[in-house]
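Open the model in your viewer and keep the selection panel at hand. We will go stop by stop.

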Amino acid sequence: MSSEVEVTRSHPVPDPGIPEHVERWVDVDPAASRRAERQIAACFGAVPLLALGFIVVYFFVPKTWAIQFAGLHAQAQNFWLGLLGGVAILLVGIGAVQWARLIMGDHEISEERHPAGSTAEDREQALDEVHEGITQSDLPRRKLISTTLKIALPSLALPALVTLLDMGPWPGPGMRAATIETTIWAEGVHLVTDVTYRRIKAVDMVVGELVNAAPENIQDLNNDPAAKAAATAKAAIIIVRMDPNTIKIPQSRKDWQVDGILCYSKICTHVGCPISLWEHQTHHLLCPCHQSTFDLGNSGVVVFGPAARSLPQLPITTDSEGYLVARSGFTVPVGPSYFERDSTHDYQNGDN
Amino acid sequence: MSERPRRRTRRSPLRRAALIGAALVVMGGVSAIAAPTVSNASPLPTEVGTGAQIFIKNCASCHGMNGEGVTVNGTAIGPNIQNAGAAAVSFQMSSGRMPMAGQQQQSRRTTNTFSADEIKAVAEYVGALGSGPGLPTASQYDTSGLTADQIAKGGELFRTNCSACHNYAGKGGALSNGNYAPPLTGTGVTNQEIWEAVRTGPQNMPVFSPTQLSDQDVQTMIAYLSDVNSSPDSGGYTLGGIGPVTEGAAAWIIGIGGLVGFALWIASRGARAR
């Protein structure tokens, strides 16, 4: 290769050629060369020692020993196994790189490259062969064969399509209404604390209190962990009590709360993280995933972040003994958005 | 002509600064000796109890003489604390959050300068002003004698009710608008303070009343926290224990950075003969 290659479409930049060869220090100084060799040999020579050390540590360092150093608390065996094994592998790499840099041949080469396309002759010949094949198959005259073949091949996709579509329930309106658009909340279901499943008396809640809660009938699913998890993913709620004089309660939701005790879905309307990060002074509920913030003192409207819809509120009241109980299920689907969701019934800031 | 003015301009600022400095030292020394020392417990010339005395001296300027709160020009300087309860006072004072040094976005944990008896006296005084959670007894937050099962249950309760803000291991976390939930471990937080915070909901923290979390529940949660934080991190550095952020940063900076360094070294030309 030389720099005389003309500038063409395939060579937009003239070939700069190969830079002048300057010998490495190790090529001209025999002492440096020997030193480099010793360095590389030392790298490789240390590897078997480290590997032996690894085995010794594996068998003879008790698992109970620990290393305390600069705030580090590590199991001694793990620490030494990792250090010896890691350094051994590193030394193999360092030795190999130094070997290539200092000892192996040092001459500049230029990689040869050519245009990738075939020559015009080759292309013409290939097309001739294709045309000859079409003529010999007699397809241009036999229309019946070509038509039936055009139908036969695509029809093979049908079995695949049908079996793929039948892999699960078809997510039509009926299926959606029975699954993602409903929860196990219903009229008369008691609100109970999560984990401990204790009913909650309205008078026992103080202003500023937050309860992570669940529907009482979630316990009916205790024998079916998968169904329980699926139901919890939609039915989880938080109950908060605020001073009724400091919050906005729209006329349409006056009967949804008990003296400042409000109940909301715990599932963020953005992508469905469970949220209970509530600041009782600002009434803001913050989702830790993407910082969507809902104002629980204003029917759960979004005040910050990527969520597009208010947090669904669960209408609640008290039973004859004063325990909190649901007036109905959620009036809108809880959880994240999906394409077919009807969002016309969600609470908008300022609705009454 | 050219000598004297130049010398004067060069020396006079220094001399002035030295004079001001000397004056400040003298005045500071005099005031340090002459100023009356303020003791938190020195008695007032009245017949009120210790708790009331300490309250009037340290709390009343913001919370009012009777804990009714202070409002200046429509801005609340300090809230009404008549129904805050003795437990709230004990939490705020023993964690050094109150008395506040000044108005700030979030009252932070600082060094408590009061003795346990003084705090108890103020807490009882404020507790008597209204209703509110009283001081806990040691048996309410003592975690000794709990079984592994109970501690595991406490962990479930902690992860359900507390981890959203305080992290699964109680390391704290971010809230909105620059606020944060403080760490519950490693900063001298006592079991009593955790109990008091759960029951009184300091600042933006919600209240968790005995209806939903019984005293035994709170005990097991505290035991879970101590258990988690007394078990050694055998993996080495915890990197704050706050999950993928620091671990990802360490992998990128140390791991990828190291690889870039090696790549540069492999491709470098090295020492040449000229």
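Which elements do the buried residues of α7(B) pack against? They pack against β4 (210-215) of chain A, together with α8 and α10 (215-230) of chain B. Before going on, note that this is a predicted model: local features need pLDDT of at least 70, side-chain atom pairs count only at pLDDT 80 or more, and totals for chains, interfaces and linings use all residues. Residues are numbered from 1 along each chain as its sequence is written, while chains are lettered from A and ligands numbered from 1 in the order in which they are written.

**Stop 1: helix α7(B)**

Select the buried residues of α7(B): Ile151(B), Lys153(B), Gly154(B), Leu157(B), Phe158(B), Thr160(B) and Asn161(B). Buried means 20 or more other C-beta atoms within 10 Å of the residue's own; exposed means 12 or fewer; partly exposed lies in between, with C-beta atoms placed from the backbone. Helices (H or I, at least four residues) and strands (E, at least two) are DSSP runs, numbered from the N terminus. Now check the length of α7(B). Its 14 residues should span 20 Å at 1.5 Å a residue, and the end C-alpha atoms are 20 Å apart, which agrees. The expected span is 1.5 Å times one less than the number of residues.

**Stop 2**

Contact means that the C-beta atoms of two residues, placed from the backbone, lie within 7 Å. Ala, Val, Leu, Ile, Met, Phe, Trp, Tyr, Cys and Pro count as nonpolar, Asp, Glu, Lys and Arg as charged, and the others, Gly among them, as polar.

**Stop 3: chain B and a helix crossing**

Chain B has 11 helices and 4 strands. Of its 274 residues, 30% count as buried. Among contacts in chain B between residues at least 6 apart in sequence, 64% join residues at least 24 apart.

Next, select α2 (residues 50-58) and α5 (residues 116-127) of chain B. At what angle do α2 and α5 of chain B pack? The angle is about 90°, with the axes 7 Å apart. That makes α2(B) roughly perpendicular to α5(B), a label for angles of 65 to 115 degrees. Axes are lines fitted to C-alpha atoms, for helices over the stretch in contact, and angles run from 0 to 180 degrees between N-to-C directions. Residues in the contact include Ile54(B) and Phe55(B) from α2(B), and Val122(B) and Tyr125(B) from α5(B). By class, this contact has 7 nonpolar, 2 polar and 2 charged residues.

**Stop 4: two sheets in chain A**

Switch to chain A. One open sheet of 4 strands has the order β3-β4-β5-β6, with antiparallel pairing. Strands pair if DSSP finds at least two bridges between them. At the edges stand β3 (191-193) and β6 (261-265) of chain A, each with a single partner strand, so one side of each lacks a neighbour in the sheet. The twist averages 40° from one strand to the next. Select β5 (residues 237-241) of chain A: 5 bridges pair it with β6(A) in the antiparallel sense. Ile237(A) has Ser265(A) as its bridge partner in β6(A).

The other open sheet runs β7-β8-β9-β10 in chain A, also 4 strands and antiparallel. Neighbouring strands of this sheet are turned by 35° against each other on average, direction ignored. Find Trp278(A), which stands opposite Leu285(A) in β8(A). Then find Thr293(A), opposite Phe304(A) in β10(A).

**Stop 5**

Which residue in the loop between β9 and β10 of chain A is next? Select Ser299(A). Its phi is positive, about 55°, although Ser299(A) is not a glycine. Ser299(A) is buried, with 25 other C-beta atoms within 10 Å.

Go to Asn73(B), in the loop between β1 (70-72) and β2 (75-78) of chain B. Asn73(B) has a positive phi of about 50° and is not a glycine either. Asn73(B) is exposed, with 5 other C-beta atoms within 10 Å.

End at Pro99(B), in the loop between α4 (86-94) and α5 of chain B. A cis peptide bond joins Met98(B) and Pro99(B), with omega about -5°.

Methods
Angles under 35 degrees count as roughly parallel, over 145 as roughly antiparallel, 65 to 115 as roughly perpendicular and the rest as oblique.
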